[in-house]
Structures are given as C-alpha cells and as structure tokens.
Amino acid sequence: MQILFYILLLVVGFIALIKGADFFVDGSAGIARLFHVPGVIIGLTIVAMGTSAPELAVSVSAGLSGSNAIAVSNVVGSNIFNLLSVLGICAIMRPLPVDEGIKKRDFPISLAATLLVGIFCGNLVFAGKIANLRDVAAQAGTLGRWNGLVLLVLFTFYIVYTIYLAKKNPVTEEEEAETMPLWKNILFILFGLAAIVIGGQLVVNNAKALALAWGMSETLVGLTIVAIGTSLPELVTSVVASGKGQNGMAIGNVVGSNIFNLLLILGLSATLHPIQISLASFVDMGMLLGVSLIVYAFVCSGKKVNRAEGGIMVLMYVAYTAYAIVR
C-alpha cells in the first residue's frame, strides 16, 4: 500500500512539473514579447535562474550547515546532465538552431567559468602538494571564501552585461498577437516556478523512497535519481520550450543554468563556508570541461544541433552515469 502511495505522489509530481513548465515558458515568452527582449536572453536569465532554484536551495542549505561538500558534485552532475541529456533530448525532438550570441559569447563564458572553477578546486594539485593522485578520496584543494567572492562578482558582471545587451538590441519583429498583460505573465511565471519546484521535490523524494523500498543503495540513488531529479526543471522547461518553438529559450536555459550553477551557487556556497574538494570531484570537474568542449564543438559545427548529435550526447550521458555507478 505504501508503494502505491509513492507511485501516486510520483505521478502527481510529474504532472506538476509538466504543467508548471507550460505556465513558466508561456509567462517568460510573454514578457520577452512585451519588452521586445529575445527569447534567448530570457532563457539565459529568468528561466535559467528559476530552473536552478532546487540546486540553489540544496547548496545554500548545505553551506549554512557547514556540510557543503555536496555542492560541487551537485553542480558538476547537474551541468553534465544539462549539456548532454537536456540539450540532447531537445535536439532529438527538434533540431536546435543556435543563436550567434550563445555561440560567440555565452557558451565561451560557460567554458571559462568551468575552467576557472576547476583551477580554484584543484589548488593543491596545481601546487604539487598531492602525493598520491590515484587516491580519489585525497583532498585536491579548497574552494575558499575569496574564491566564492570572485565567482559572485563575475556572476554580477555577467547578469549586468546580459541585461545591457537586451536593452541595446531590442526585438522589433516579434508578433503582438496573443500577448498577455504584464501581471498575468508574472503570475504565470510564479505559479509555474512553484509547480516546477514542488513537482521536482515530489519526484525526487518519492523516486528515492521507491528505489530504497526495492533494495537500491542510498549511494546508487544519490548518483542517479537525486542527481537527475535536481535537474528535472531544466529538462522539462527546455523540452516544453522546444516543443513550443522557443528554441532560443531552450538553449539559453541550459547555458544560463550552467553559468548560474558555477558562478552563483558555488560562489555563494563557498562564501558561506569553504568547501573541501576531493580528488574525485576534481576529476569530475575535468570531465565537465571535456563534455563542455565536445558540446561546444557540436554547437559550432553548423547552424543547428541536429538529431544525430543529440543522440550522441544522450549516449555520452548514459556512459557517464555508468562510470559514476561503477566508481
């Protein structure tokens, strides 16, 4: 009977996710039309911040309790999932046209942020103070408070620059039909975001309860269900946006969420409490950088990320998950 209750709540969670994403995308697209802002900019800011709310809540709560080592693995796992699964699934559904701003400005910023965080995380490795590089439990470095402050300052500059570009290059050719009033768009965004966060929590908690009831270990659940669960808002929102033809918003959501995770979430977590970085987490940062370079190559290879490239990305995520489970 308890298992049936978990399944019922799981279904409710998925419904809340899907309908919440529907409202969230409609409200965000409506604001983009009202203020003549490109959908990709809305994806990089409002949508990216909204869908990263679960990661922010988890990391800040962990930081306040002083046990925020999970913040790095949470961010790295979420970013890999965003790049490979979210973009991959969206590209399989419908080839994704790539905005030039994403290609020339935002994705390189995401790459630079990944590299910078990797350097911060591996300060002991780069200083030559690690005796045994095979010991994955060894400490690779510390993400200290000054590192966190640097990341927060960079995030502030990025947001200000993105808003400046939106004001400098307004969209004039957007159709005015079906445009809702501002208050209604804001209501749609708030309601949609609330449904996404609540639905995501229902899915993660009840999927974990089901998995444990069926005999899966907590470690395996954490590496799979919980890691994917915190990125469900990005997945559902991007898939719904792609299905509605808001492809710029779908890609902007992924790239913006990754920048948000690296600069704001890790920056805030490290500022609240220094994070001890294990060698395993440092290796994962290297894998994130490698994945980012591969996806960026797909983004730059043509005017669209096609279905074949989307399929390759999804297969890469399956391989990464298998590696994480084995490790």
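This is a predicted model: local features need pLDDT of at least 70, side-chain atom pairs count only at pLDDT 80 or more; totals for chains, interfaces and linings use all residues.
Visitor: How many aromatic pairs does a search of the whole structure find, and which arrangement do Phe-81 and Tyr-317 form?
Guide: The search, run over the whole structure, finds seven aromatic pairs. In the pair formed by Phe-81 and Tyr-317, the centres are 5.2 Å apart and the planes make an angle of 80°. Since planes over 60 degrees apart count as edge-to-face, the arrangement of Phe-81 and Tyr-317 is edge-to-face.

Visitor: How many residues apart in sequence are the parts that the pair of Phe-81 and Tyr-317 ties together?
Guide: Phe-81 and Tyr-317 are both buried. Phe-81 belongs to helix H4 (residues 70-93), whereas Tyr-317 belongs to helix H13 (residues 307-326), so the parts that this pair ties together are separated in sequence by 236 residues.

Visitor: Is Lys-103 buried or exposed?
Guide: Lys-103 is placed in helix H5 (residues 100-121). Once its neighbours within four places in sequence are left aside, Lys-103 has contacts that include Tyr-296, Val-299 and Cys-300. Its relative accessible area is 13%, and because buried means under 20%, Lys-103 is buried.

Visitor: What distance separates the end C-alpha atoms of H5, and where does H5 bend?
Guide: At 1.5 Å a residue, the 22 residues of H5 should span 32 Å, and this agrees with the distance between its end C-alpha atoms, which is 31 Å.

Notes. Residues are numbered from 1 along each chain as its sequence is written. Side-chain values use heavy atoms; hydrogens and water are left out. Rings of Phe, Tyr and Trp (its six-membered ring) pair if their centres lie within 6.5 Å; planes under 30 degrees apart count as stacked, over 60 as edge-to-face and the rest as tilted. Helices (H or I, at least four residues) and strands (E, at least two) are DSSP runs, numbered from the N terminus. Buried means under 20% relative accessible area, exposed over 50%, partly exposed in between (1.4 Å probe, protein chains only). Contact means heavy atoms within 4.5 Å. The expected span of a helix is 1.5 Å times one less than its number of residues.
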